[in-house]
Amino acid sequence: MNPNTTWPNEQEIARLTAELLAHQASAPDEIAVAFLDPLAADLHRRFPSADFDHCYEAAGTALLATVRGENCYDPARSNLGAFLGMVATRDLQNLLAREARHKHRRIPLEFVEEPVERGNTPVQDDDGPSLDDPRLVAKRASFAPLEQTTYELLLGRDQSTGMYARVLELKGTPAEVEREVKRIKDRVKVRLRRAVGGKQ
């Protein structure tokens with residue numbers, strides 16, 4: 001049987017939100033039924049290289065933490081559907097990053113190579129540092145939540161400004177958002193370069 005991937009409408013979301021905030025006993029099951037399949041399908045659409053099982057797991061993790069009150073959902077800040085999408089995206093990025101570490105995947109060279117002058121071609125080794133490199137592990141442990149999320153996004157295939165803006169909840173004009181995304185990404189890359197002895 002094909003899963004129902006139809007996203008709940010605004011009226012349904014409002015009803016489920018009210019039930020969640022009122023701690024109604026039926027709310028967790030109803031929210032799971034309404035959002036689980038559409039949320040997993042949305043993740044897979046935005047991260048087509050990710051295994052669907054990972055998308056489903058991330059969606060389930062986000063839902064479970066939200067209905068348990070672990071994610072501190074605030075309806076004044078965002079719609080329940082948008083909030084679940086943001087949390088599920090972070091959970092998927094975390095899951096993919098863990099998978100990569102377990103496979104000893106290497107971090108892309110552009111994270112840690114020295115910036116070069118325009119017109120120069122950098123000399124690159126065949127591989128970048130491993131994600132398990134102790135210097136990078138220690139540096140990631142010192143990251144603030146925003147930097148950790150940015151780092152996880154850098155490991156993904158979708159490097160669009162829109163993706164960063166959605167996950168990092170950036171507001172402003174397109175130009176302002178683009179500048180802020182670049183600033184955040186550059187800051188994380190500089191910290192990674194420093195960790196492995198590269199120049200700023």
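Contact, as the word is used here, means heavy atoms within 4.5 Å, and helices (H or I, at least four residues) are DSSP runs numbered from the N terminus. This is a predicted model, in which local features need pLDDT of at least 70 and side-chain atom pairs count only at pLDDT 80 or more, while totals for chains, interfaces and linings use all residues. Residues are numbered from 1 along each chain as its sequence is written, and side-chain values use heavy atoms, with hydrogens and water left out.

Two of the helices meet as follows: Thr-161, Tyr-164, Ala-165 and Leu-168 in α8 are in contact with Val-177, Glu-178, Val-181, Ile-184 and Lys-185 in α9. The axes of α8 (residues 161–168) and α9 (residues 174–195), which are lines fitted to C-alpha atoms over the stretch in contact, with angles running from 0 to 180 degrees between N-to-C directions, come within 10 Å and cross at roughly 80°. The two helices are therefore roughly perpendicular, a term for angles of 65 to 115 degrees.

Helix α9 also holds Arg-191, which counts as buried because its relative accessibility is 18%, buried meaning under 20% relative accessible area and exposed over 50% (1.4 Å probe, protein chains only).

In helix α1, the buried residues are Ile-13, Leu-16, Thr-17, Glu-19 and Leu-20. They cover an arc of only 165° around the axis, which puts them on the same side of α1, the arc being that of the directions from the helix axis to the C-beta atoms. The face turned away from that buried side carries the exposed residues Glu-10 and Gln-11.

Two atom-pair distances are set out here.

Notes: Angles under 35 degrees count as roughly parallel, over 145 as roughly antiparallel, 65 to 115 as roughly perpendicular and the rest as oblique.
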